[in-house]
Amino acid sequence: MKAVRVLEYGGPLVFNEVPAPAISRDEILVKVKSTAVNHIDLVKASGKVRQILPIDLPWIPGHEFSGVVEQIGSDVAAYAPGDAVFGTSDMGAYAEYLAVKPAVIVRKPSNLSFEEAASVPVASQTALEGIFTHGHLEKGQTILIHGGAGAVGAYAVQLASHAGATVIATASGDDEAYLNSIGASRVIDYRKAQFEKVLQEKVDVVFDVIGGDTQARSFLVLKEDGHLISASQPVSPEESAKHHVSGAMMRLEPSGDGLGKIARLLEAGTIRPDVATVYALQDVAQAWKDIAGNLPGVHGMSPSGPGAARRRSHGKIVLRVA
Ligand SMILES: NC(=O)c1ccc[n+]([C@@H]2O[C@H](COP(=O)([O-])OP(=O)(O)OC[C@H]3O[C@@H](n4cnc5c(N)ncnc54)[C@H](OP(=O)(O)O)[C@@H]3O)[C@@H](O)[C@H]2O)c1
């Protein structure tokens, strides 16, 4: 099969022929239609986090996919060849075939294209777990979502709004109309204003995908007993105690249950995916270039700020495989 591989840390992406995976009795072989690019793909490939997130080289990147079931293991009853599915994977999805466990996949919503479906699993489940499992967001509460127009942030905005919360988002000013259209009642342009200076009211939950100074200033806008949940860097226990809030960094734990909830909301049109660009798999190097210069909050380093360059549009970058 054709696949994209990283042969050495920091090395180029190599597109060529590799052996297709074999499945065990409890696995499914999926013919991949599309996959999507996540920051973590670039971060892992760079070797900068090899102590905490090592990879086995050569490594096929890609943590999410959409595709069609090609073959099922003898213990698999829930799916049959021909089913259209989507989900997350620990194995690399930048490839024509993928062996996956049924527990982390779900049937593709019929109203989504394969390209749209591939953009969903990581960002949507990160938002779902971040704001509800860790942030304990409830109807009637107020949440501040940093990076609201980004891949994760846009799901957080939609899910929080659907749950009956008041949603305030920080984002580039250009994204205000988009954010209003998906449920944000207020948008603060992070390039022009400091959110802690313009917010009159305190919030119950802050969901932070940015980190750095944005996270540090978030303590100032939280109610006592509020929750500061970050998807991008650890939250200081000392600062959390000082401000009488609970703070935690989350790590996505994908589940068929969570993705099933997301799939139902997508199917009903309650939430929608956001695809920025679709590249052919062999053009992956360009896709990585598009986001490499703008990795917000990777372990506390934020290249974003006033005057920083920004991507042309919000949404996920998808790779078309077949
Ligand atoms: N912990 C986990 O399990 C987990 C899972 C998934 C993702 N993540 C992490 O979550 C982070 C976000 O991922 P993503 O895919 O949503 O990224 P993304 O699509 O690039 O979105 C980032 C958004 O943040 C905005 N932004 C940049 N600086 C900002 C600031 N100072 N204040 C407010 N908004 C700002 C950007 O807007 P402009 O482009 O207009 O500047 C962009 O819309 C990444 O660090 C990723 O690694 C963690």
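Tutor: Lys223 forms a salt bridge with Asp204, with 3.1 Å between the closest N and O atoms. A salt bridge here is a side-chain nitrogen of Lys or Arg within 4 Å of a carboxyl oxygen of Asp or Glu. This is a predicted model, in which local features need pLDDT of at least 70, side-chain atom pairs count only at pLDDT 80 or more, and totals for chains, interfaces and linings use all residues. Residues are numbered from 1 along each chain as its sequence is written, and side-chain values use heavy atoms, leaving out hydrogens and water.

Student: Where do Lys223 and Asp204 lie?

Tutor: Lys223 is in strand β12 (residues 222-230) and Asp204 in strand β11 (residues 203-208), so the pair links parts of the chain 19 residues apart. Strands (E, at least two residues) and helices (H or I, at least four) are DSSP runs, numbered from the N terminus.

Student: Is Asp204 buried or exposed?

Tutor: Asp204 counts as buried, at 14% relative accessibility, whereas Lys223 is partly exposed at 35%. Buried means under 20% relative accessible area, exposed over 50%, and partly exposed in between (1.4 Å probe, protein chains only).

Student: How many salt bridges are there by this rule?

Tutor: The count comes to 12. One of them joins Glu17 and Lys2, whose closest N and O atoms are 3.1 Å apart. Glu17 lies in strand β2 (residues 13-17) and Lys2 in strand β1 (residues 2-6), so this pair ties together parts 15 residues apart in sequence.

Student: Which residues meet in a salt bridge at 2.8 Å?

Tutor: Asp213 and Arg217 do, N to O. Both lie in helix α7 (residues 212-218), 4 residues apart, about one turn of the helix.

Student: What do the buried residues of α9 pack against?

Tutor: They pack against β5 (84-88), β7 (105-107), α3 (121-134) and α4 (151-162), where contact means heavy atoms within 4.5 Å. Among these buried residues are Leu259, Ile262 and Leu266.

Student: What span should helix α9 have?

Tutor: The 12 residues of α9 (residues 256-267) should span 16 Å at 1.5 Å a residue, and the end C-alpha atoms are 16 Å apart, which agrees. The expected span is 1.5 Å times one less than the number of residues.
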